[in-house]
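Student: I have a structure open and would like to go through parts of it. Can we start with the salt bridges?

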Amino acid sequence: MKLKRTKLAALALTALMAVGATSLVAYASETEDVASAIDTSTKTETGVVIDFYLSEDDLTNTGVKLTISYSDGTTSTEILEDAATLTTTAAKCLESGSVVAKYSYTLNGTGTTVSNSKTVTIPATGHTANDSTIYKVKTAPTCTTSGIYVYTYTCTVCKSVYDKEVEVAATGHDYDFSGSYTYYALSSDNVTVDTSSTAISANVYADGVDTLVDVSGLQVAKTNSNGSPVITDTSKAATYYMVYTCANGCGVKAAVKITIPASTVSYILIVGQSGLNDQDITDAIANKTKYYSESQLPSNDSIELANCTVDGSITIAYYDSNDVPLEGTKKITITAHHMTKTVAVFSSESDMTMCTVSTDTSGNMVVKNNSCYLTVTYVEQVECTAANCPLTTVCSAKYEKNTSNAITVDFVEGIDTCSNKVVSTDNKTASPAGAHTVLGAAKDDIAELVKDKSTKLTYEDLEDLISTGSYTTSSGVTYAYKDYVKLSDDTSTCTANGTVTVTYICTVDKVNTAATETITVYAKGHDMKHIVTNTVAATCEADGGYDVVYGCVRDNCGYVDTSVETQHYTLARLRHTNELSTDGVHPKNGSDGDSNDYTDTLNQKIYLEITGSKVVDINGYLTKDGTITVADVSSDGSTPVTGNDGWVRIGVSSDDTLAVYARAYTLCTTCTGTPHRVYITPASAGYKSGTNSSTTGTIKVTVDAINKQDSDGAGGYVTLTATYVVNSGITKTVVPATSTFAYYTSESAYTARLQSNTTGTDPDADVKNGLTLDSDGVYRYYLSDVFASSYTGVTSYDGGLFFISNGLVDTSANELCLYGGVWYYVSNGQVQLSYTGLAQHDGAWFYVTSGVLDTTKNGLVTYDGAQFLVAAGQVLTSYNGLWQYSSAIGGDDNWYFIAAGQVVDYSGVVMYDNAFFVVVDGVLDTSYNGTVEYDGATFNVVAGQLYDQVA
């Protein structure tokens, strides 16, 4: 059947209509009819895909499948039988052939012809070989390995001549068992051998079969006049071998084993001895003890020698059943040896009693430690019992058992009576192997509780029994249940049943688990209480607080009764480290009308600042005196200085804008943001000049550089440094401040400058003095609008301190830096006034408070999750051992275990001051009393310190 061009949609519709009741033949006919009924001739063809049915399995298929596309976006499929043109190229022996299918189709719309082809490769046929007998040997076969022959063939098709390798099987060994042979034997097989002959050094084949047997060591046997091997002792059986060599020259041998039976021997007598000290041998000679085979004679190691290091011998004779001696006697060498026994030597009688000594199936000594927790060390000792043993070490054991678990040393009050000599020793350990002991009373009481409570048993019921229960023995020893019974893995909740694991601790070792059991427990029910939640700690910068709700306090429950109102409580802000209280009331002076407490008595550091924009002098006073203090205050107005111990004003008093102020202040060391600042002013107790005599010190201002204004009134500047002179007997760290300002020698000079400025604005408003941020984003240091490229020092700017090098902020300064006698903690050139903690310098670590080295700091400080020991502001990396954090320096009086200046999270035994102590998580555990194992021994512990050894 040949289908016309048909839309797939029409075919699908026909298939759906026909699938129920139409046969395949009828369906094909109907499909053809439907295809004929659809008119596609009026549609414009825009493209075609040509597929072929030619394949490697069917090289003659000329079928073609066309998929045609139309201008209206539809497609149709047509299958054409016998449409393709096939071109065949036959395959040769070494060359492949091919079949090429081709088909072309012309589109009705454009007249374009579309062609396609498909090529299927026909594999090469390969040569057809003739029956060749011509070959060359590439590798000859041997007795045990195959060989390779190279055959030459001629192809019957293309007549080509070629070579091909063929594997040839191994030849196998060739033994002529009717030919020559050589007698070989072992002297131990009762055959006399030629000891000078070369021994066979490899395995041979037994009786010519392909089974290798180990007869290495065979030597040439001596033969008698009959050519037969010489039998050493005719009363005993003898064995020798007839050895043949492979005729192929491979050297492999085959052996035929020959056995000669023994003459009739009835019994053996020991008739002589030499170099022995053995009473049993002496008695056997005297009593003519009969032995019915040599295997019945005393073994070598059971005969005691006169000297353990020198060989001895016995002489034996053979007798027949008529008590007639057979020809000759035999001398048997007794090789040197010790009369050994193996024992276990213990360090104490208790260790010896605790252990059982026996042997295993291989005869090795086994020591079983019957303790459930103690480890026993012992010595496995080999001793010689020979009377004349030449060894020099005498057994000195007091506690010794043999392999029959018998005590082998008689000792009275530690006096050793053992005279054996020690051959060897081996230190060994016997691990605990005894059974653990359960506190039976506790187990019985728990079982009774489970029975009584039944479905009402809860975790708390078990917990109450264990926490309060105890058992007292008849001897008065009391066992608290809580020490030997533990609860864990409770899966019950407030509303659901679950299970709990009960673990029984061994009452002997008090550590290991003796037994466990799982018990069903029932829902607990909620345990309702008022609960503190949402806690926010108060700081020196903000209030804290917490909520109180009514809910279940059990772990992992979280139930809250929302019908009960939540209560919120506020935690008052904490005091700054530089204020006496948070209520704004000074404890000495009363309310000062300000929200701050003005005092520096709580801080060890005093900071300085100089604020303002210009200094207007009185008749150039500042150019004459480099140091300015409150002492320079003049009532007649002849100096530009006013102030007191808390501040100093420099400049004329007629206008605040014509002067600068040097002030002293303290910083809070616990603020996390900008530190809280408190100024030292006359309003503070102890600082008010003229009303209190106990002042801390006085502000001093130094003129570092000064330049008068020019004829136009411009270009004047002054650089001032403010510091604080601390009174005698008071310890403070002072952080100076340095700033540069516009300068005029007199108020008239400044007025003239104003009058010459026609803009009516402040003539100094745009003049750069000190550290200034330029438009290019760079901070530069200026002196009256001139970049001070040679200036280096620490200067104040916008409430901060900066390190200046060559007129620029030194951003490379990123550690502790020394300037003017003060160590500053600097990052990117700025002193970190808000930082308090550890900082590194030159490989060491130091404590910093508010950006300055704090040499008054002593004790433990926390840094990066660890604790470090600090003294005089530096971490003591050289300290190792226990150290007490005394309450005198703000500590808790605990002893801490420190290594390289850091508290170590260690649990175990440590040594300090020639004594030993128990440390838990890095802290001396003074609450611990009991025993502890250390360095293989057990010690009593009292208040955390090790005392006498108990085991």
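Student: Is Lys 43 buried or exposed?
Tutor: This is a predicted model. In it, Lys 43 has a relative accessible area of 16%, under the 20% cut-off, so Lys 43 counts as buried.

Student: Which side chain does Lys 43 meet in a salt bridge?
Tutor: That of Asp 72, at 3.5 Å from N to O. Lys 43 sits in the loop between α2 and β2, and Asp 72 in the loop between β3 and β4, so the pair ties together parts 29 residues apart in sequence. Asp 72 is partly exposed, at 45%.

Student: How many salt bridges are there in the whole structure?
Tutor: A search finds 14. One of them joins Arg 554 and Glu 460, with the closest N and O atoms 2.4 Å apart. Arg 554 is in the loop between β35 and β36 and Glu 460 is in helix α6, so this pair ties together parts that are 94 residues apart in sequence.

Student: Which residues are joined into one network?
Tutor: Lys 768, Asp 774, Asp 776 and Arg 780, through salt bridges that share partners.

Student: Switching to α5. Which residues are buried there?
Tutor: Ala 441, Ala 442, Ile 446 and Leu 449. They cover an arc of only 135 degrees around the axis, which puts them on the same side of α5.

Student: And what is exposed on the other side of α5?
Tutor: Asp 444 and Lys 451.

Student: What do the buried residues of α5 pack against?
Tutor: Several elements, including α6, β29 and α7.

Notes: Residues are numbered from 1 along each chain as its sequence is written. This is a predicted model: local features need pLDDT of at least 70, side-chain atom pairs count only at pLDDT 80 or more; totals for chains, interfaces and linings use all residues. Side-chain values use heavy atoms; hydrogens and water are left out. Buried means under 20% relative accessible area, exposed over 50%, partly exposed in between (1.4 Å probe, protein chains only). Helices (H or I, at least four residues) and strands (E, at least two) are DSSP runs, numbered from the N terminus. The arc is that of the directions from the helix axis to the C-beta atoms. Contact means heavy atoms within 4.5 Å. A salt bridge is a side-chain nitrogen of Lys or Arg within 4 Å of a carboxyl oxygen of Asp or Glu.
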